Amino acid sequence: MERSYASRSSGELATAASGSGRPVRVIPLRHPPGFGSISSSSPPWWRAAVGRARSMGPLEWAEAALPCVAWMRKYRWKEDLQADLAAGITVGVMLVPQAMSYAKLAGLHPIYGLYTGFIPLFVYAIFGSSRQLAVGPVALVSLLVSNVLGGIVNSSSELYTELAILLAFMVGILECLMGLLRLGWLIRFISHSVISGFTTASAIVIGLSQIKYFLGYSVTRSSKIIPLIESIIAGADQFSWPPFVMGSTFLLILLTMKNLGKSNKRLRFLRASGPLTAVVLGTIFVKFFHPPAISVVGEIPQGLPKFSIPRGFEHVMLLMPTAVLITGVAILESVGIAKALAAKNGYELDSNKELFGLGIANICGSLFSAYPATGSFSRSAVNHESGAKTGLSGIIMGIIIGGALMFMTPLFTDIPQCALAAIVISAVTGLVDYEEAIFLWGIDKKDFFLWAITFITTLVFGIEIGVLVGVGFSLAFVIHESANPHIAVLGRLPGTTVYRNTLQYPEAYTYNGIVVVRIDAPMYFANISYIKDRLREYELNLPNSNRGLDVGRVYFVILEMSPVTYIDSSAVQALKDLHQEYKARHIQIAIANPNRQVHLLLSRSGIIDLIGDGWCFVRVHDAVQVCLQHVQNSSSSALKLASQASGDSADSISTPKAEKQRLKQDDFFKNLWKAHDGNADSGGEVQPLLRQNLV
């Protein structure tokens, strides 16, 4: 076979088998480098990794270990320092009241929100690869912590706090492992519609869980909407007007400042200063009027957190599902935001390094009494809008939190609970993405179904079930699409040698007796049965053809394999079986334009030898020319044989005329295959081509 390929060159002219056709140039399909050898020409992955490691210099090693080196060595003190200071102070001021609010949402004392916004910020600035991501407590993770720990232990007990800190340690370990094992690609299997449906439902649950501070009475702690609504309705007789009026006023102020900051660049400072404004106004009101119906935060310990090893390791297995879920949320929220901000600011971000940086931040945070931290969407957006250039802005945020812990905690005693609740509700309103549902309904019902099923199950059955159902349906759709790939019947566009889907281009030329099929996916064990079934359908249900003599059946199947990026052993065996089935019915397979790896595997597995090297082509057009010449020559010869047979009175008496024509034609094709097999065995080339005026 190598000899027959070697005997061809790109400038060689192939001639028609009958000898009467005009020569037409056919581009030969060359064997890929390494054909016939067992070993691959590319080095193994470990050798490539070792070679890459040896080529790295000291500075590159420092950047790999500490991503902050990348921006520190290029830091422009005049241009960047002012922007980082402004962004760090802006977001730091925003973080102080938010951190306390999210800690309350998590069922923890407000001081633990400040702890979570302290040490992790410094650690992430060193090990994190994003320069604009604002790390710290977030609403969704806080709700997850409250949801799982509330079912294990009472929130007022010391064990509740210990388990929340242990969760931070476990999440950090999982994130570090995922980063080191380079598992950041797992996020690709969760569709955007699932993320949108999940966050929208979670935002509604978070808002309802905070409504108790507006109503003035206790509401059941749950991540399911039905128990929350039932609890709200059941306690309606305990409704109190003062916290409702105060909380609604603060919420209105926050939403107004937030919208003004978004719509007007000159007023964007209002978006960041909104939470602080609500806290200051609420504290002043309480200090002056002392309303008995307004509950306040109470005493907050002063000073920095102390080093301590997390406790409660006997509950690790009980917390593991939640740790995995929080890690997943960190991947979805933090890495997605970080990549978007990196693209806007013109630098590359490695999702695996990002996961490792978040993991180290959580591990170190857990040693200083922090609960799980991750990247915040709202604070990261404000950080970016405020002009943050590097991780120094995160360090400045940490310094502000440290200053608040050292000197300002006595001022936080009289902060109204409804003000903190208004901050949480204001923050999660941006997560309610109903516009995405409307958009999906208009363009893709499948994605809308994913959004809806995730949204509904999260609301009704809780966050954990919602995530599992959403991810499960996402994977089910991936598997379904993979196992049922798109397969197109191709035709030639008039006046060109370009072949396209006949459904998209109905005017394309198709030829009787020849089916050109394009498989738009890798061929492997999961989809090969579907591909074989579709090919059999084309044989049983002939596609409508508009060119050539009507031969009544399919004699050639051309596989356009340029989209096939990979083929496995199951697909190889299936192709062998298909070839045998086709050969028994006198159908020839032709292969067009396989890539290097696929061609190499087909050659090594014997597929090329089986179907004949003369039936492998660079272009679909070349394959169609050869097959069409066979069809035309054989059809004309069969018609001559049939006309001669019609004069034989003895045969005409015993066999009807139409049946005799069919039998003579089939006999001719049998002889054609025998002739082809003989040429293949002798190493010769049979490449009959269609005359140019017929193509």
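Reader: How are helix 9 and helix 15 oriented to each other: roughly parallel, roughly antiparallel, roughly perpendicular or oblique?

Author: In this predicted model, helix 9 (residues 158–180) and helix 15 (residues 316–345) pack at an angle of about 55°, their axes 8 Å apart. Angles under 35 degrees count as roughly parallel and those from 65 to 115 as roughly perpendicular. The pair is therefore oblique.

Reader: How many residues of the contact of helix 9 with helix 15 are nonpolar?

Author: Helix 9 contributes residues including Leu163, Leu166 and Glu175, and helix 15 contributes residues including Val316, Thr322 and Ile331. By class, two residues of this contact are polar, one is charged, and the nonpolar ones number 15.

Reader: How many charged residues does the contact of helix 21 with helix 22 have?

Author: Among the residues making the contact are Lys446 and Phe449 of helix 21, and Gly466 and Glu481 of helix 22. Ten residues of the contact are nonpolar and six are polar, while the charged ones number two.

Reader: Which strand do the buried residues of helix 7 pack against?

Author: Helix 7 (residues 119–127) has as its buried residues Ile119, Pro120, Leu121, Val123, Tyr124 and Ala125. These pack against several helices, including helix 5 (77–105) and helix 16 (351–366), and against strand 3 (135–136).

Methods: Residues are numbered from 1 along each chain as its sequence is written. This is a predicted model: local features need pLDDT of at least 70, side-chain atom pairs count only at pLDDT 80 or more; totals for chains, interfaces and linings use all residues. Side-chain values use heavy atoms; hydrogens and water are left out. Contact means heavy atoms within 4.5 Å. Helices (H or I, at least four residues) and strands (E, at least two) are DSSP runs, numbered from the N terminus. Ala, Val, Leu, Ile, Met, Phe, Trp, Tyr, Cys and Pro count as nonpolar, Asp, Glu, Lys and Arg as charged, and the others, Gly among them, as polar. Buried means under 20% relative accessible area, exposed over 50%, partly exposed in between (1.4 Å probe, protein chains only). Axes are lines fitted to C-alpha atoms, for helices over the stretch in contact, and angles run from 0 to 180 degrees between N-to-C directions. Angles under 35 degrees count as roughly parallel, over 145 as roughly antiparallel, 65 to 115 as roughly perpendicular and the rest as oblique.
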